[in-house]
Each structure stands twice: as C-alpha cells, then as structure tokens.
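The stops below are given in the order in which they may be selected.

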Amino acid sequence: MRTSYRLPGLAVTDHVFTVPLDHADPGGASIEVFARELADPGRPGERLPWLLYLQGGPGGKSPRPLNTGGWLDRALRTHRVLLLDQRGTGRSTPVTARAAAALGPARLADHLALHRADAIVADAELIRRQLCGDEPWETLGQSYGGFVTLSYLSFAPQGLRACYITGGLPGLDATADDVYAATYPRVRERFDAHCTRHPGDRVLLRRLADLLDRRPVHLPDGDRLTVRRLRTLGLMLGMGDGSARLHWLLDEALGPDDEPTATFLNQVMQLTGFTDNPLFAVLQESIYGQGGTATGWAAHRALAAHPEFAEHADPLLLTGEMIYPWMFREIAGLRPFAEAADVLAARTDWPELYDPARLAANRVPVAAAVYHDDMYVDAGLSLRTARAVGGLRAWVTNEWEHDGVTAGGGRVLARLMDLASGRA
C-alpha cells in the first residue's frame with residue numbers, strides 16, 4: 001500500500017509492507033512495516049539511488065520530516081531517502097504497553113525477541129526487493145542504526161552499495177557486561193563536566209533528592225517520583241544540547257514554596273516514562289545478547305563495581321543509558337513488560353548478530369563517524385570494530401556529540417559520503 005503527497009520542499013510517498021513476524025517461519029504470523037519515501041520535488045521522475053535511514057534506539061521510530069535541512073537536505077541532492085519505522089515502532093505494528101498487556105510473559109518475551117537487528121535487516125531486504133528489485137541501496141545508520149548496519153553487512157551485504165554510520169559501531173563480541181563496565185565511568189565524567197559548567201545544579205539535585213526521600217511526590221500520571229527515577233535524567237547528557245536542556249529543566253524544578261513545580265513534574269514524566277518508546281527500555285540490553293550468555297540485568301549488576309553511583313551516595317550522581325529492573329515495576333508505561341523483561345534478561349539462546357569472518361572480508365564501502373567523547377557508544381570498542389571490518393574508514397572526531405548527524409547541518413553525512421567514495 002502506498003500514498004503519495006507533497007510537503008513543503010518534499011515529494012512524499014508513504015509505504016506499508018507486510019512482512020513475517022518471524023522470518024524463520026514465513027508462512028506464520030505477519031506484521032506491517034511502515035516506511036516514508038522522500039524525494040526532491042523538482043526531480044520526482046529521476047532514477048536516483050536509494051538511501052535507507054536506520055534510526056537509533058533500540059525502539060526509536062524514524063524522524064518525521066518537519067522541514068528540509070541538515071543531513072536530509074544533503075541526502076536529497078543525490079538520493080531518494082527511505083525513513084524506516086523499524087518493526088515495533090511508530091506505524092510499524094507498534095509494541096505498546098496495551099499490546100504487551102494482551103500477551104502472557106512467555107509469549108511477549110518471544111515476540112520481543114523478534115525485534116532485534118537480525119529481524120530488522122530481514123525486513124529491509126524484503127522492502128528493498130519490492131522497491132529496487134536487484135539494485136543495492138545505501139544506508140545511513142545513526143547510533144543503534146549502526147549496530148543494524150553491521151548485522152546487514154554480516155547477513156545480506158549483497159543488498160548494500162555503501163554504508164554510512166554515525167556514532168554506532170558496536171563491539172562485535174562485546175557483552176552487556178563489557179558495555180556497562182565502560183559506560184559508568186563515561187557517565188561520571190559527563191555529569192562532572194555538567195556540574196563544572198552549572199555548579200548550582202549539584203546543589204539543586206541534592207535538595208530535590210532530600211525532598212523526595214522525606215515524602216512522596218507524584219508525577220501527573222500517578223507514578224511516584226523517586227530519587228532513582230530522578231537520576232535517570234542523566235540520559236540527556238550524551239547529546240550536544242543535553243547539558244543545557246538538563247540545566248534549564250532544573251532551573252524551574254522548585255517553585256517559590258520550595259515544592260516541585262507542575263512544569264518540572266510534567267517534563268520529568270515525559271522524559272522518563274517511555275510511553276512513546278517502551279522498546280528502548282525493554283531491548284536495551286537484549287541488543288547485546290549473543291554467544292550463549294544471558295545479559296542478566298548487566299547495568300544493575302555493574303553498580304556493585306561503582307559504589308559512587310549508589311542511590312544515596314554523596315555527591316548524588318545521575319545515571320545514563322542504563323536500564324534497571326526496578327523501572328519495570330515503578331514506571332507505568334513499562335509495567336506490562338516487567339515479567340517478559342525478566343525472561344529476556346535470563347535468555348541464553350540468542351542468535352548471533354554479527355559474522356566476524358564475513359565482516360573482515362567485507363567489500364562494501366563503509367564510512368563511520370566515531371565520536372571521541374560519545375557517552376552512549378564506547379569509542380574504544382568502536383575503533384576495535386573499525387579495525388576488524390574490511391573496507392571501513394573511520395573518522396574520529398570530538399567536534400560533535402552523539403547527535404552529530406542531526407546537529408552538524410549535513411556536514412557529517414557529507415564527510416562520510418566523501419570518505420566512502422574515496423574523495424576524502
């Protein structure tokens with residue numbers, strides 16, 4: 001099914017594809033996958049190469065085109081762009097709290113396990129063949145989209161002409177334990193840098209924590225705002241404007257009566273509630289599951305090695321891209337996933353996500369931006385992967401944070417296209 005229309009500066013076609021829920025059982029249940037095609041309205045009939053955009057996450061839908069500009073403007077000069085809502089997100093048979101509540105824990109866990117990178121790649125290949133026939137396309141993978149790209153290069157490289165990766169080179173054999181051992185120190189560094197920039201915020205966070213310990217404070221949806229939920233606001237700090245956004249959020253946290261303001265509570269609910277993207281929390285550790293090892297709530301277990309992150313330590317530290325078991329009991333949008341999340345954390349029969357031998361022999365041009373100070377994706381693991389993938393050229397930079405592809409006004413994508421083509 002397809003619907004075409006115009007937006008300012010864009011020719012748009014919405015596509016809905018039917019794909020197997022389980023690609024190993026093509027005759028079984030099916031789901032829908034949505035993708036939005038964008039083209040320069042002045043070149044609607046031209047046969048341009050395709051660029052598939054793979055969103056970060058996991059669990060993030062593709063961006064909605066509010067206007068042209070940035071990386072999209074650069075891409076549309078030479079390409080037709082496909083914004084894919086990865087399975088379970090956006091308009092692609094979304095996995096919502098309501099849908100989760102209708103399934104039992106075991107069935108839900110099995111369903112969720114079919115939403116990892118290998119399945120996304122299989123969806124993309126079905127879609128490519130419908131849109132392009134045998135013609136390969138190019139991909140732009142942001143963050144987790146880069147993880148998906150490495151799976152794509154492992155299992156279906158014949159579908160790829162070139163790949164661009166921004167802040168998303170995973171450790172090919174890194175476990176969830178490896179990831180979080182590296183994550184905690186980076187989050188501490190980023191939070192300390194924030195407090196150096198805004199020294200009053202450390203004092204304000206302590207005042208808020210003491211208040212939350214003294215008596216219950218509830219968010220607009222009824223959830224209790226606890227100290228540990230307050231600390232998850234540190235997730236913001238990995239983006240280019242994250243420190244500023246956190247500061248201005250805290251700037252209005254307490255009113256003249258020294259009570260949390262309605263504005264602050266509403267924003268905290270939205271920022272920490274996972275209403276729009278529960279898969280981000282549910283699959284955050286499962287995206288590292290392979291090799292017969294359970295992820296086992298790795299971020300929670302890693303806390304033992306980092307006592308400075310204890311909930312009542314002083315000074316109080318914020319956390320980052322860590323998902324904890326308590327979230328699935330205390331956050332309304334995640335409660336329907338609680339038992340299934342425990343099942344996923346104990347699972348050991350994950351299929352492999354990468355083929356190291358095939359990646360070493362890769363001939364598809366790949367250009368990757370590795371952000372030296374990336375809070376979410378460890379640069380050390382990324383560079384080890386860069387050395388292990390044939391045909392990959394890495395650009396290491398500290399000019400941008402994790403959102404460089406959007407914040408860079410098209411310069412990041414332009415640089416990667418030049419790298420992949422040999423022009424730079």
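**A loop residue**

Begin by selecting Asp403, which is found in the loop between strand S9 and helix H17. Helices (H or I, at least four residues) and strands (E, at least two) are DSSP runs, numbered from the N terminus. The structure is a predicted model, in which local features need pLDDT of at least 70 and side-chain atom pairs count only at pLDDT 80 or more, while totals for chains, interfaces and linings use all residues. Residues are numbered from 1 along each chain as its sequence is written, and side-chain values use heavy atoms, with hydrogens and water left out.

Is Asp403 buried or exposed? Asp403 is buried, with a relative accessible area of 14%; buried denotes under 20% relative accessible area, exposed over 50%, and partly exposed in between (1.4 Å probe, protein chains only). Now display what Asp403 touches: leaving aside residues up to four places away in sequence, these are Gln142, Met239, Gly240 and Asp241. Contact here means heavy atoms within 4.5 Å. A distance may also be drawn to Tyr371, 32 residues apart from Asp403 along the chain, where the C-alpha atoms are separated by 9.5 Å.

**Helix H18**

Next select residues 411-421, helix H18, in which Val412, Leu413, Leu416, Met417, Leu419 and Ala420 are buried. These residues cover an arc of only 160° around the axis, which puts them on the same side of H18; the arc is that of the directions from the helix axis to the C-beta atoms. Which elements cover the buried residues of H18? They include helix H1 (70-76), helix H17 (404-407) and the strands S6 (137-142), S7 (160-166), S8 (366-371) and S9 (392-397). Just after H18, Gly422 takes a positive phi of about 85°.

**Two helix pairs**

Select residues 117-132 (H4) together with residues 144-155 (H5): these helices pack at an angle of about 70°, with their axes 9 Å apart. Axes are lines fitted to C-alpha atoms, for helices over the stretch in contact, and angles run from 0 to 180 degrees between N-to-C directions. H4 is therefore roughly perpendicular to H5, on a scale where angles under 35 degrees count as roughly parallel, over 145 as roughly antiparallel, 65 to 115 as roughly perpendicular and the rest as oblique. From H4, the contact involves Ala117, Ile120, Val121, Ala124, Glu125 and Arg128, and from H5, Tyr144, Val148, Ser151 and Tyr152.

Move on to H6 (residues 176-197) and H7 (residues 199-214), which pack at about 110° with axes 4 Å apart. H6 and H7 are likewise roughly perpendicular to each other. Here Phe191, Asp192, His194, Cys195, Thr196 and Arg197 in H6 meet Pro199, Asp201, Arg202 and Leu205 in H7.

Finally, select strand S1 (residues 2-7), where Arg2 is placed. Arg2 is exposed, with a relative accessible area of 56%. Of the 6 residues of S1, the number buried is 0, so S1 lies largely in the open. S1 pairs with strand S2 (residues 10-20) in the antiparallel sense over 6 bridges; two strands pair if DSSP finds at least two bridges between them. Leu7 stands opposite Leu10 in S2. The two strands form a hairpin with 2 residues between them, and Gly9 in the turn has a positive phi of about 80°. Returning to Arg2, show Thr13, Asp14 and His15, which Arg2 touches when residues up to four places away in sequence are not counted.
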